[in-house]
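User: I am new to this structure. Please take a close look at its pockets, and then at one helix packing.

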Amino acid sequence: ALIVSSLTGFTKEQKKEIFEEVRKYRSHSSLQKAEESLQEIYKSNLITPQNQEALFIIFKEIPQYAENYTYAAYDSIINLLKPGLITEANREQIFPILKEIPKYAGIYIPEAYNSFINLLKPGLITQTNQEQIFTIIKEIPQYAGAAIPEAYESLISLLKLNLITPPTNQE
């Protein structure tokens with residue numbers, strides 16, 4: 001029996017489309033790992049009405065870029081969806097970034113997502129720097145390509161050292 005058929009949060013047709021994409025780009029051993037990751041997502045109830053549409057697009061597109069690392073990319077999304085990282089204040093910025101990363105990161109999607117998760121940890125992005133930092137985060141994938149994880153880690157270092165400050169309104 002296909003594990004994907006028991007996923008909640010997606011329609012039956014969406015579940016089928018996701019699994020077809022996974023099957024198309026995976027080796028046999030990584031197919032099993034991807035199925036297990038999908039099962040973990042099902043168990044966690046992390047797919048909500050607020051994120052369902054965005055996650056469907058992301059889950060469907062990941063296999064063509066991540067190839068045999070699809071399961072690791074899915075696992076990274078599970079970690080990202082855990083409470084605390086996505087808030088009402090940042091939800092609108094996060095999902096477009098998650099959708100953009102696979103196109104440029106290729107098989108390094110899991111590492112890019114993990115670095116993105118590190119950026120979202122409390123204390124780095126604040127009310128005062130949020131707009132500026134999300135602008136930077138959105139631009140990185142298209143320029144860094146497979147080096148997205150390193151670029152995000154460098155941004156984290158800059159933030160920890162308080163080297164990025166919000167612009168002041170000078171007239």
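Predicted model: local features only at pLDDT ≥ 70, side-chain atom pairs only at ≥ 80, totals over all residues.

Analyst: The volume of the largest pocket is about 180 Å³. Its lining counts 15 residues, and those closest to the centre are Leu85, Thr87, Asn90, Leu120 and Ile125. Two elements give two or more residues each to this lining: helix H6 (109-120) and helix H7 (130-144). By type, the lining of the largest pocket splits into 7 nonpolar, 7 polar and 1 charged.

Now the second largest pocket. Its volume is about 150 Å³. One part of the lining is made up of Asn45, Leu46, Thr48, Gln50 and Asn51. Leu81, Lys82, Pro83, Gly84 and Ile86 also line this pocket, as do Arg91 and Phe95. Here the division is 5 nonpolar, 5 polar and 2 charged.

Next, the helix packing. Helix H2 spans residues 28-44, and helix H4 spans residues 70-81. Their axes lie 8 Å apart, at an angle of about 15 degrees. Angles under 35 degrees count as roughly parallel, so H2 and H4 are roughly parallel to each other. The crossing of H2 past H4 is left-handed.

Which residues in H2 and H4 meet? From H2 come Lys33, Ala34, Ser37, Leu38, Glu40 and Ile41. From H4 come Thr70, Tyr71, Tyr74, Asp75 and Ile78. This contact holds 6 nonpolar, 2 polar and 3 charged residues.

Conventions:
Residues numbered from 1 in each chain as written. Heavy atoms only, no water. Axes fitted to C-alpha atoms, helices over the stretch in contact; angles between N-to-C directions. Helix = DSSP H or I, 4+ residues; strand = E, 2+ residues; numbered from the N terminus. Parallel < 35°, antiparallel > 145°, perpendicular 65-115°, else oblique. Left-handed = near helix turned anticlockwise from the far one by under 90°. Contact = heavy atoms within 4.5 Å. Nonpolar A, V, L, I, M, F, W, Y, C, P; charged D, E, K, R; others polar. 1 Å grid on protein atoms, 1.4 Å probe; cavity = no way out; pocket = protein on both sides within 12 Å on 5 of 7 lines; lining within 4 Å. Points joined across faces, edges and corners; volume = space filled by probe spheres on them.
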